Amino acid sequence: MKRRDAIRNLSVLPIAGAAIGSVLPFESIMASTPPPPKRNLFKELGIRTFINAAGTFTAMSGSLMHEEVLDALRSTGHEFAMIDEVQDKVGAKIAELCHAEAATVTAGCWSALVLGTAGVLTGMDVKKVGLLPQLDGMKSEVLVQKTHNSGYVHALTNTGIRIVEVETSEDVEKAINEKTAMMWFLNYAGPDGKISDKEWVALGKKHNIPTMIDMAADATPVENMWKFNEMGFDLVCVSGGKGIRGPQSAGILMGKKDLIAAARLNAPPRGGNIGRGMKVNKEEILGMYVALEKFINTDHVKQWKIWEDRIAVMENAIKKINGVTTTVTVPPVANRTPTLNISWDNSKVKVTREEFQERLRKGNPSIEVMGGKDFAIGITSWNLQPGQEKVVALRLKEEFVKASV
Ligand SMILES: *Cc1c(COP(=O)(O)O)cnc(C)c1O
């Protein structure tokens, strides 16, 4: 008798415990319960699903979780556990994987930015935790390079701090005063700023000011997962649901032990703090761990080749069409994955970028690509399921040929 049949038969015994003794683990009996009928909620609610040839965009639901991660979510949903204990155990594993002193799972990278900053401001003082975003008795300024001062700083100003813009190392030296709480670095803006990541860390260390880096969408290359911890950043923030393919509403805050502990004081399950709304359930905390482990253990050379091969299939389908130009590039910092840039001469291919995107979107299956300049689109392959590159290639060719004069 196969194991599954054995379990199925056991489950029909009137009182399983009495008949088989107490040796059979409870879970085995639970496992015999047939799964509930599958519902196609997308269909039921009329939600459009699509092939994502664009990228790990938040609005497009980020990335798809691997089976192992979905298994982690499902398999941990049947038991209770203390959130702090789940965070302790998962945090220790993540810290080890990423060469950090400590780590905690947050509700996305944004929440890592808020909680990390809050921890810097409050330390382990629970009275201060209760005060935020009022900064009485706390430091109140965060240094940011002018070219890094994007919309993401709103995560920092949530805590009540004020952004102080700097451009050069001399500016930093001048700007630092008794109110300076932290120095923040936006990794993708690194090449645009005058101060490099290493110099930023050195300046922070020189003045004993904690440094934080936002590397939300920069999980690739995989070495980034420990590079900034080793470089000496005190806090490192990353998205769970972009390149790592964890739960989209999870992220990681890692770094110095005392700062992670302070960040957690500002976070659920504790209340009366600014982080109370940034809850992560135990399934997602554990799912984040499994996703990170899988991501780090992936054969990244092989993975890169798969991404390139898919790009080649799509490029080859259209590059000979009169008026169409293709190039393949890799973004320098964020979203590092082969990217197919397609542009066209509008005198030869009579379609606007918006129309072209709309035709792909309305086609069957629906396809999303990135918008580029006037007559240009962008495509990545890391969110494609195996074989979807052929579908995208076909649809691109169809639409370009149709629009050709
Ligand atoms: C996506 C992103 C965030 C927010 O991350 P979430 O995981 O969606 O909370 C923050 N910073 C940058 C640079 C990002 O790209």
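Here is a short walk through this predicted model, from its overall build to its helix packing and surface contacts.

Let's start with the whole chain. The C-alpha trace spans about 75 × 65 × 35 Å along its principal axes, and the protein chain holds 17 helices and 13 strands. Of its 405 residues, 49% are buried.

Helix 5 (residues 67-75) packs with helix 14 (residues 282-297), their axes 8 Å apart and at an angle of about 160°. Angles over 145 degrees count as roughly antiparallel, and helix 5 and helix 14 are therefore roughly antiparallel to each other. Their crossing is right-handed. Further along, helix 16 (residues 353-362) and helix 17 (residues 388-403) cross at roughly 135°, with axes that come within 11 Å. This angle makes helix 16 and helix 17 oblique to each other, and the crossing of this pair is right-handed.

Now turn to the charged side chains. Opposite charges on side chains can pair when the charged atoms come close. The model has 22 salt bridges, and three of them are worth a visit.

Lysine 89 counts as exposed because its relative accessibility is 54%, whereas glutamate 85, at 41%, counts as partly exposed.

Another pairs lysine 194 with glutamate 167, whose closest N and O atoms are 3.5 Å apart. This pair links distant parts of the chain, 27 residues apart: lysine 194 is in the loop between strand 5 (180-186) and helix 11 (197-207), and glutamate 167 is in the loop between strand 4 (162-166) and helix 10 (169-175). Lysine 194 is exposed at 59% relative accessible area, while glutamate 167 is partly exposed at 34%.

Lysine 206 is exposed, at 58%, and glutamate 173 is partly exposed, at 32%. Elsewhere, salt bridges with shared partners join Arg48, Glu358, Arg361, Lys362 and Glu368 into one network.

Finally, the surface has a nonpolar patch formed by Phe42, Leu45 and Ile47, with about 320 Å² of accessible area together. Phenylalanine 42 belongs to helix 4 (residues 41-44), and its 48% relative accessibility makes this residue partly exposed.

Conventions
Residues are numbered from 1 along each chain as its sequence is written. This is a predicted model: local features need pLDDT of at least 70, side-chain atom pairs count only at pLDDT 80 or more; totals for chains, interfaces and linings use all residues. Side-chain values use heavy atoms; hydrogens and water are left out. Patches are made of residues with over 30% relative accessible area and no salt bridge: like charges are joined within 9 Å, nonpolar side chains (Val, Leu, Ile, Met, Phe, Trp, Tyr) within 5 Å. Accessible areas come from the Shrake-Rupley method with a 1.4 Å probe; for residues, only the protein chains shown count as cover. A salt bridge is a side-chain nitrogen of Lys or Arg within 4 Å of a carboxyl oxygen of Asp or Glu. Helices (H or I, at least four residues) and strands (E, at least two) are DSSP runs, numbered from the N terminus. Buried means under 20% relative accessible area, exposed over 50%, partly exposed in between (1.4 Å probe, protein chains only). Axes are lines fitted to C-alpha atoms, for helices over the stretch in contact, and angles run from 0 to 180 degrees between N-to-C directions. Angles under 35 degrees count as roughly parallel, over 145 as roughly antiparallel, 65 to 115 as roughly perpendicular and the rest as oblique. A crossing is left-handed if the near helix is turned anticlockwise from the far one by less than a right angle, and right-handed if clockwise.
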